[in-house]
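Colleague: I have a model open and would like to learn how to read it. Can we take it one feature at a time?

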Amino acid sequence: MRLHVRARDVLLVLTEAGHPVKIKQLAERFAVSERTIKYDLELIRERLAGTKAELMSRPNRGVWLEGDEATRRLLREAVASEESSSFLSARERQNRMALLLLDQSGFITLEQLAEGVQASRNTVLSDLQKAEESWGRWGIGLERESGKGVRLTGAESEKRRLLQSVAESVLTGSDMLRIVQGLWRGFPWPKDVGNKLEPSLLGLADMDRVQAATGRIIRLWKERLDTTVSDEAAIGVLFRMAVTVKRLRNGQALPATRAEDGRRQQQEQEHVAEGGEAVPACQEMLLQSFGELGLLQDMNAKRFSAEWETAYALMPLVSGEGRSDMVVPAEQRRKRMELASFVRKLVDRLAERMELPFGRDGELYEGLLTHLIRKADRRRFGVHDANPLAAEIARTYPEPFEAVKLACRQLESAYGFKLSDSEVAYLVMHVQAAIERERETVRFRAVVVCGTGKGTARLLKTLIQNRVRHIEVAECCSVSEAENAVNRTDADLAISVLPMELPVPVVKVSPLPTGEDFAAIAACLERLDPSKTESSDRRGKAGGWAHPAAATPEPSSVMPLADMLGRLDPADWPAAEQVSRDLTIRGFELMQAIAGRFQANLTESATAGLSLHVMLMVQRLAFGHPYEDMQPVLPADTPEEAEWREALAGIFGQYGLPAAEAEWRAIMRYFQPLGEGGLS
């Protein structure tokens, strides 16, 4: 039997997953009720009858396909090649109605829409209500008038974005990649892709001309500006050119009289001009292609603005790329600060939902923020980027996709950033990369045993995971639960604030771990499996004490924290936060060592002052600014002072700090000699 589109897509998700997927997740993903998904699953069971694969289900676990990888792969290939039944899904009906409405400048009746999508009038009404919410993302609304029907409202540029989105929705990642290949290598327009796009855009012959013209334009742009052209930019130009031709043929040009379009088109024209010498040549190519596609008479009659229409088509090549010497306006800086806050909240929610320590992955934060800043810049000019692999990403990584989608929805109202499924798929690529990094990094599992409260346990867990690479704290537990926790989590070791015996090695640490504690944990991991620790790499990168040369970053690699957060690019915040946290912990540990050695020489007030001094000293040394003693002549050391200096030199060496005579003298000024009016 043939499945309808949604049921086929559900089956493809299950073939990719390889593990149980909850019905609720499938319902959220396909925007239908759980009852509808259960109905689709019954159809899938019928489809699988007589095959080696079997659909299994279990309460609280979900549904999955029983069968080995080879069986799932063969089924996936067979299902992907099958044609779906003529029954249209709700998404397909909404897309077809969008095309019918976009083709009409006036009203269209509900009966005409019902006939066009082969559905009942009530179904059309329900679909229109859902579609209106979705189209609102493009700035498109519905105007209803009794006796006439409905029509689309909104700027022409927004209607074009909607048309482009509908056209792209019928293509697979393979289709998109073949289009890119054809653009750069001059291949003919793929017939099967053309058949998919003909209902929404242009016929085969016209799309072949559009592809050839786009290929010439992107190659010229690349050569003239000596720059790269991304796949999404190339596809963007092709779709914008095709959309422009279709709309102009229908007499739907970009108007110069409407404020909502006029401002946008003026911005686009000015922004495209930043392309320099490549722009006039590319615009000339576009106008020549417009003539070949039957628009010569309209151009001669000036029924549309050649400058505006060509600027619209070329925008994907220039928007969002920017130049390093451009000054970012204050409003854009404010938006970027909001985006930085959005990304931080997004990472926190993903870490909580997926139970992974994403907070320590600065690369994830930086990647998401960089992508969204670029996306926001392109959105200002109405550029919609195609994601060639959106459908495949959603099928291949269903759990990260649903987690990112849900987190974005939860943050929509607070930040006003609405992301489509295609845009969510871009973010999933960054998240999945972070997951892979975490899998590569985590090589040991540990339980933390702490009897002093949940707050201390959480702090201990955070300190260990931030400071020791390759280790994951699987669980925090009490002493009485320790053995069960070890067995339950299959832990390799336990880290405890109390001495105890367990089936795995136990490392005893302080509630606030010292450098010696972290060294003991590292030594334990080395004994467990030296091949997994990469101890020299871990000591340099995990925040543990490194060699003095590695402990002092070059001035160009880290911006001074004294410049304060407002002077940092938001993309640098995670690195700055990590550096600040590590230096604070270093200062604390160093102060503990100094206070322990010189307790008899310190008053309570001197200890408080020395604590601040040591914290600031560690910051200065890390950024290459040692203390300069302005005293021109240094008095000879007393025997006690010589002993102090020797002890301080040992402590500095123990914690990987460079020898610094001036620093030692500055610290020694807080000390009081024993006897002779000193401490007793």
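Colleague: By class, which residues does the lining of the second largest cavity have?

Modeller: The lining has four nonpolar, one polar and three charged residues. Ala, Val, Leu, Ile, Met, Phe, Trp, Tyr, Cys and Pro count as nonpolar; Asp, Glu, Lys and Arg count as charged; the others, Gly among them, count as polar. Before we go on, note that this is a predicted model: local features need pLDDT of at least 70, side-chain atom pairs count only at pLDDT 80 or more, and totals for chains, interfaces and linings use all residues. Residues are numbered from 1 along each chain as its sequence is written, and side-chain values use heavy atoms, with hydrogens and water left out.

Colleague: What is a cavity here, and how many of 30 Å³ or more are there?

Modeller: On a 1 Å grid over the protein atoms alone, a cavity is a set of points where a 1.4 Å probe fits but cannot get out. Lining residues have an atom within 4 Å of a point. Grid points are joined across faces, edges and corners, and a volume is the space filled by probe spheres set on the points. The count comes to two cavities of 30 Å³ or more. The second largest cavity holds about 50 Å³. Its lining is made of V13, V21, Q25, L26, R29, P398, E399 and E402.

Colleague: What does the secondary structure of the protein chain come to?

Modeller: The chain has 30 helices and eight strands. Helices (H or I, at least four residues) and strands (E, at least two) are DSSP runs, numbered from the N terminus. Of the 680 residues, 47% count as buried. Buried means under 20% relative accessible area, exposed over 50%, and partly exposed in between (1.4 Å probe, protein chains only).

Colleague: How do I read two packed helices?

Modeller: Two packed helices are described by the angle between their axes and the distance between the axes. Axes are lines fitted to C-alpha atoms, for helices over the stretch in contact, and angles run from 0 to 180 degrees between N-to-C directions. Take α5 (residues 90-102) and α7 (residues 121-135): their axes come within 9 Å and cross at roughly 80 degrees. That makes α5 roughly perpendicular to α7. The cut-offs are under 35 degrees for roughly parallel, over 145 for roughly antiparallel, 65 to 115 for roughly perpendicular, and oblique for the rest.

Colleague: Which residues of α5 and α7 meet?

Modeller: From α5 come A90, R93, Q94, M97, A98 and L101; from α7 come T123, V124, D127, L128, K130, A131 and W135. By class, this contact has eight nonpolar, two polar and three charged residues. Contact means heavy atoms within 4.5 Å.

Colleague: Where is Q211, and is Q211 buried or exposed?

Modeller: Q211 sits in helix α11 (residues 204-225). Q211 counts as buried because its relative accessible area is 2%. Not counting residues up to four places away in sequence, Q211 touches I179, G182, L183, F187, P188, W189, P190 and L238. One of these, F187, is in the loop between α9 (173-185) and α10 (191-197). F187 has 37% relative accessibility, so F187 counts as partly exposed.

Colleague: What does D208 touch?

Modeller: Leaving out residues up to four places away in sequence, D208 touches P188 and W189. D208 is also found in helix α11. D208 and P188 are 20 residues apart in sequence, and 6.4 Å apart in space, C-alpha to C-alpha. With a relative accessible area of 34%, D208 is partly exposed.

Notes. On a 1 Å grid over the protein atoms alone, a cavity is a set of points where a 1.4 Å probe fits but cannot get out, and a pocket is an open set with protein on both sides within 12 Å along at least five of seven lines; lining residues have an atom within 4 Å of a point.
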